[in-house]
Amino acid sequence: MVPNNPQPERKALITECTIDIALWLADNTATIARDETAGDCYRDIKTIIDTIERVINRPIPDRFLGPCPATIENEHRCGHALTAPRDANEVTCRACKTVHNIDEITQRLWSEVNEWLLTPQEIHMVMEYFGEPVPASTIRRWKHEGRLQVRGWRDGKPRYWAGDVRSLRNTGHLKRMTAV
Ligand SMILES: [Zn+2]
């Protein structure tokens with residue numbers, strides 16, 4: 001029979017083990033230093049610490065750049081998902097090997113996303129994704145102030161364009177908001 005909730009017990013065991021090992025090491029530093037295997041001991045511990053650091057300091061995930069827009073055989077669009085490190089200027093599609101300029105790809109992606117019918121929360125997430133963050137509360141305020149116009153309806157609720165929020169952001173409305 002499977003125990004109801006084995007997780008806390010296992011966690012407690014790991015914590016106790018770690019504390020025991022740390023205490024043992026602290027108590028025996030001088031003894032280890034005198035031992036001829038001190039070098040091995042150091043390397044083992046160093047490996048463990050490096051592993052822990054790698055787990056904690058995860059590399060920043062690549063940026064998703066949308067589907068590859070290259071036209072391949074039979075006028076079909078490649079469509080392979082493009083990802084690249086955040087500081088890259090170019091990305092090579094793994095499927096069709098086309099090299100794309102990331103600024104161009106982002107502009108193209110924007111032009112596709114600009115007129116999607118979205119909620120303020122969804123627009124907030126899109127803006128954050130593109131590195132042009134606007135708090136969801138600000139988008140809602142623009143909506144109440146009538147700056148942000150309703151562009152359509154989905155599930156009986158008004159929807160807005162990320163492109164409109166982007167224009168408001170880039171015309172200085174955000175600066176005024178953050179200055180308060
Ligand atoms: Zn491609």
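Visitor: Which two strands form a hairpin with two residues between them?
Guide: This is a predicted model, where local features need pLDDT of at least 70, side-chain atom pairs count only at pLDDT 80 or more, and totals for chains, interfaces and linings use all residues. Residues are numbered from 1 along each chain as its sequence is written. Strands (E, at least two residues) and helices (H or I, at least four) are DSSP runs, numbered from the N terminus. In the turn of this hairpin, aspartate 155 has a positive phi of about 50°, and the two strands are E6 and E7.

Visitor: How many bridges join E6 to E7?
Guide: Two strands pair if DSSP finds at least two bridges between them. Arginine 154 has lysine 157 in E7 as its bridge partner. E6 and E7 run antiparallel, and the bridges joining them number three.

Visitor: What is the order of the strands in the open sheet?
Guide: E5 is joined to E7 by two bridges, also in antiparallel fashion. Leucine 117 stands opposite tryptophan 161 in E7, and leucine 118 has tyrosine 160 in E7 as its bridge partner. The sheet has three strands, in the order E5-E7-E6.

Visitor: Why is one side of E5 and of E6 left without a neighbour in the sheet?
Guide: Strand E5 covers 117–118 and strand E6 covers 152–154. Both stand at the edges, so each has a single partner strand.

Visitor: Which helix lies across E5 and E7?
Guide: Axes are lines fitted to C-alpha atoms, for helices over the stretch in contact, and angles run from 0 to 180 degrees between N-to-C directions. The helix runs at about 55° to E7. It holds valine 165 and spans residues 162–170. It is H6.

Visitor: Is valine 165 buried or exposed?
Guide: A residue is buried if 20 or more other C-beta atoms, placed from the backbone, lie within 10 Å of its own, exposed if 12 or fewer, and partly exposed in between. Valine 165 has 27 other C-beta atoms within 10 Å, so valine 165 is buried.

Visitor: Which residues is valine 165 in contact with, leaving aside its neighbours within four places in sequence?
Guide: Contact means that C-beta atoms, placed from the backbone, lie within 7 Å. For leucine 148, 17 residues apart along the chain from valine 165, the C-alpha separation is 7.1 Å. The contacts are Ile123, Met127, Val134, Ile139, Leu148 and Tyr160.

Visitor: How many helices and strands are in the protein?
Guide: From the N terminus on, the elements run α-α-β-β-β-β-α-β-α-α-β-β-α-α. That gives seven helices and seven strands.

Notes. Contact = placed C-beta atoms within 7 Å.
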